Amino acid sequence: MNLPLLLNLLAFLALLLGLAQTRHTHWGLPKKVLLGLALGVGFGLVLHRIYGTGSSVLMATIPWLNLVGNGYVELLQMIALPLIFASILHAVARLRTARSLPLISVLSIGTLLLTTAIAALIGILLTNFVSFAIEAWTPSAQPFDPFRFIDKSQALENPDLNIPDTLLSLIPSNPVGELPEAKSSSIIGMIIFAVFVGLAALRLGKEDAKKGRRALWAIDTLQAWLMRLVSVIINLAPYGALALMTKAVVNADLQDHLGLGTYVFVTCLGLALMFLVHAMILAAVGVSPLRFFRNVWPVLTLAFSSSSSMASIPLNIEVQTRRLAVPHSIASLSASFGATLGQSGCSGLYPAILAVLVAPSIGVNTLDPQWIAAFIGVVMLTSVTVGGGALVPIIVLTIMGMPVALVILLIPVEPLLVMGRTALSVNGSMTAGVVTSQLLKETDKPVPAGDEPAALSRT
């Protein structure tokens, strides 16, 4: 281990130890996470300034950053599927009647798909308005393999499946085998399995009250046990945020971002407009957008720094139930569905911007109402059958008969933009939960302004 690397690691360790001292303060978790983010940005800028882009010292430092940052994300993903199972099982088993489950699902999914459609429309109109169509960015002459740049876990196992077969494949033949997975189909499969087990618990309670009470006790205990585990892992968020943000800043190449500045600007503006849309939807159902964002920003911070909707599920459910007064049944379903389908950032805004960019090369008028309607329909269908992630724009562009080689040119700035798109998608899932709760008049007594539940205010 050379001296520069050793100094970097000692400085990183000192920041971690300094961050740990906040446990002696009365700071809540949000403030600690914010401090971790600030330290990560500052440390990353110092390293980038000293060593420059692509330095061998930085390349040797990043695996140690990953040990903390990616390790935290892996811990969250480790608990995500068991938590989904326990939370939805608990929610269904505690329903007064099974008839309310379809209504909750329809409202949650409907809100997610609506925001995805709006995101696609904003992406189309905004990109046309800015007018930075890139006829010069013609597809590469070399054969392009879209899966080369996509996490293999996000790829469909059989891309030739039709829609009925794709939907059928979501039913898990081995629910226990789904637990080690981290795919969209795994989440849907776990939801389906948990719903049926919960419905069986409801039926058992009606047929045998004594056994039904025992089953509910076991379900309550399992759910409380896992939520305690979630709180233990979530308290590591400041350290994960420090490492993840340091890595993000260190890897950022300002020259690449400036070269694709207009694309970055349009994407960021689209994200901002979609957050505004979420705020308008919340206001329409009687929820204060300011109060909402004040309570959910720790989840958005985690989603932004980790670039993972799935890793955000535990904190997503925790914040909805404990800070937004959303019933556990609704919070569990909206958080789980939101990590899989109807992702307004990844499945709506992203493919729309790409489509308008490549349209001039094939002579498509992206302001044609018929084309816009068809494109939004494809986006919504794809977000349901495929889920989120990097595969969605590839499939959408392919279905619409557009070249996908443009994706390779945007790779330099994608690590930054995917963070924002993930935060937007996670915010959409929480918006869906609050909207569903409000429409069903299930929202509990609001949390007084300034009050924070114990799980989020203390470590």
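Which helices each supply at least two residues of the lining of the largest cavity? They are α2 (29-51), α9 (237-251) and α12 (289-306), helices being DSSP runs (H or I, at least four residues) numbered from the N terminus. The model is predicted, with pLDDT of at least 70 needed for local features and 80 or more for side-chain atom pairs, while totals for chains, interfaces and linings use all residues. Residues are numbered from 1 along each chain as its sequence is written, and side-chain values use heavy atoms, without hydrogens and water.

**View 1. Lining of the largest cavity.** The lining consists of L29, V33, Y72, A237, G240, A241, P298, T301, L302, S305 and L315. A cavity is a set of points on a 1 Å grid over the protein atoms alone where a 1.4 Å probe fits but cannot get out, and lining residues have an atom within 4 Å of a point. The largest share, four residues, comes from α12. Eight lining residues are nonpolar, three polar and none charged, with Gly counted as polar.

**View 2. Volume of the largest cavity.** This cavity holds about 60 Å³ of space, a volume being the space filled by probe spheres set on the grid points. The model has two cavities of 30 Å³ or more.

**View 3. Crossing of α1 and α3.** The axes of α1 (residues 3-20) and α3 (residues 56-93), lines fitted to C-alpha atoms over the stretch in contact, come within 9 Å and cross at roughly 30°. The two helices are therefore roughly parallel (angles under 35 degrees). α1 passes α3 in a right-handed crossing, the near helix being turned clockwise from the far one by less than a right angle.

Key:
On a 1 Å grid over the protein atoms alone, a cavity is a set of points where a 1.4 Å probe fits but cannot get out, and a pocket is an open set with protein on both sides within 12 Å along at least five of seven lines; lining residues have an atom within 4 Å of a point. Axes are lines fitted to C-alpha atoms, for helices over the stretch in contact, and angles run from 0 to 180 degrees between N-to-C directions. Angles under 35 degrees count as roughly parallel, over 145 as roughly antiparallel, 65 to 115 as roughly perpendicular and the rest as oblique.
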